[in-house]
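Me: I'd like to go through this model piece by piece, with the cut-offs spelled out. Can you put it up first?

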Amino acid sequence: MRSLLAALLCLSAAPACAGGFALRDLTAVADEAGAALGRGYAARAAPERLTLMCTTCDGAPMVDLLLGRQADGTEERVRAGRTSMAQLESLCRARSPDCRLSALSVAPAVGWVTSYSIGSSAGATAVVLRDSDLLTIRALAGSREVAARQVEILARKVAPRIVGR
């Protein structure tokens, strides 16, 4: 009887863990993220935030990976096609006329990447959503190209591990 009760408890808990990101602790990807970006990066890792910076690299990039939640319906609207990438880019351009946005392939999650100027510097941000879990990858650097490259590398090499299948 105890075995049956234990099995039922395990089975009933499984659906609660099925949604969202597969990885919820960024310390587990700190080494992988640093290696993906290359030599010279110093990292500071916590479960919900990973910061990488390289003061000797071209553009002196600083990159943050942040885990959080976003349950405002954006993910559902993007998945259903009620909010398009063009509409998201329009919102971004309303804040910064030189903002550029493109879709990010992170299935089964949804996501996009923006790049923009910040005074004499630049930034790029990837937003990845799965079951209201939010991964933000944000880079600040001396140029748009450097910032975008850092985000693209981490979105390609680290985000899939966080998102899961």
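Me: Leaving aside neighbours within four places in sequence, which residues is Ile-137 in contact with?

Reply: A bit of housekeeping first: this is a predicted model, where local features need pLDDT of at least 70, side-chain atom pairs count only at pLDDT 80 or more, and totals for chains, interfaces and linings use all residues. Residues are numbered from 1 along each chain as its sequence is written, and side-chain values use heavy atoms, with hydrogens and water left out. Contact here means heavy atoms within 4.5 Å. On that basis the partners of Ile-137 are Val-63, Asp-64, Leu-65, Ala-124, Thr-125, Ala-126, Val-151, Leu-154, Ala-155 and Ala-159.

Me: Which residues of the largest nonpolar core touch the most other members?

Reply: A nonpolar core is a set of buried Ala, Val, Leu, Ile, Met, Phe, Trp, Tyr and Cys residues joined through side-chain atoms within 4.5 Å. Buried means under 20% relative accessible area, exposed means over 50%, and partly exposed is in between (1.4 Å probe, protein chains only). The largest such core has 36 residues, and the ones touching the most other members are Leu-65, Leu-135, Ile-137, Leu-154 and Ile-162.

Me: Which element gives the largest share of this core?

Reply: Helices (H or I, at least four residues) and strands (E, at least two) are DSSP runs, numbered from the N terminus. Elements giving two or more residues to this core include helix H2 (30–37), strand S3 (62–69), strand S7 (133–141) and helix H5 (144–157). The largest share, 6 residues, comes from H5.

Me: How is H2 covered on its buried side, and by what?

Reply: In H2, the buried residues are Ala-30, Ala-33, Gly-34, Ala-36 and Leu-37. They cover an arc of only 160° around the axis (taken from the directions from the helix axis to the C-beta atoms), so they sit on the same side of H2. The face turned away carries the exposed residues Asp-31 and Ala-35. What covers the buried residues includes strand S1 (42–46), S2, S3 and H5.

Me: Is Glu-75 buried or exposed?

Reply: Glu-75 forms a salt bridge with Arg-79, with the closest N and O atoms 3.1 Å apart. Both lie in helix H3 (residues 74–80), 4 residues apart, about one turn of the helix. Arg-79 counts as partly exposed at 44% relative accessibility, but Glu-75, with a relative accessible area of 3%, is buried.

Me: What torsion does the S-S bond of Cys-54 and Cys-57 have?

Reply: With a disulfide taken as a pair of cysteine sulfur atoms within 2.5 Å, the count comes to 2. The sulfur atoms of Cys-54 and Cys-57 are 1.9 Å apart. Cys-54 is buried at 0% relative accessibility, while Cys-57 is partly exposed at 21%. The disulfide is right-handed because the torsion is about 80°.

Me: Where does the backbone hold a cis peptide bond, and what is its omega?

Reply: Most residues other than glycine have a negative phi, and most peptide bonds are trans. Pro-108 lies in the loop between strand S4 (100–104) and strand S5 (110–118). The cis bond joins Ala-107 and Pro-108, and omega is about 15°.

Me: What phi does Asp-131 have?

Reply: Asp-131 is found in the loop between S6 and S7. It is partly exposed, with a relative accessible area of 42%. Although Asp-131 is not a glycine, its phi is positive, about 50°.

How values were computed:
A salt bridge is a side-chain nitrogen of Lys or Arg within 4 Å of a carboxyl oxygen of Asp or Glu.
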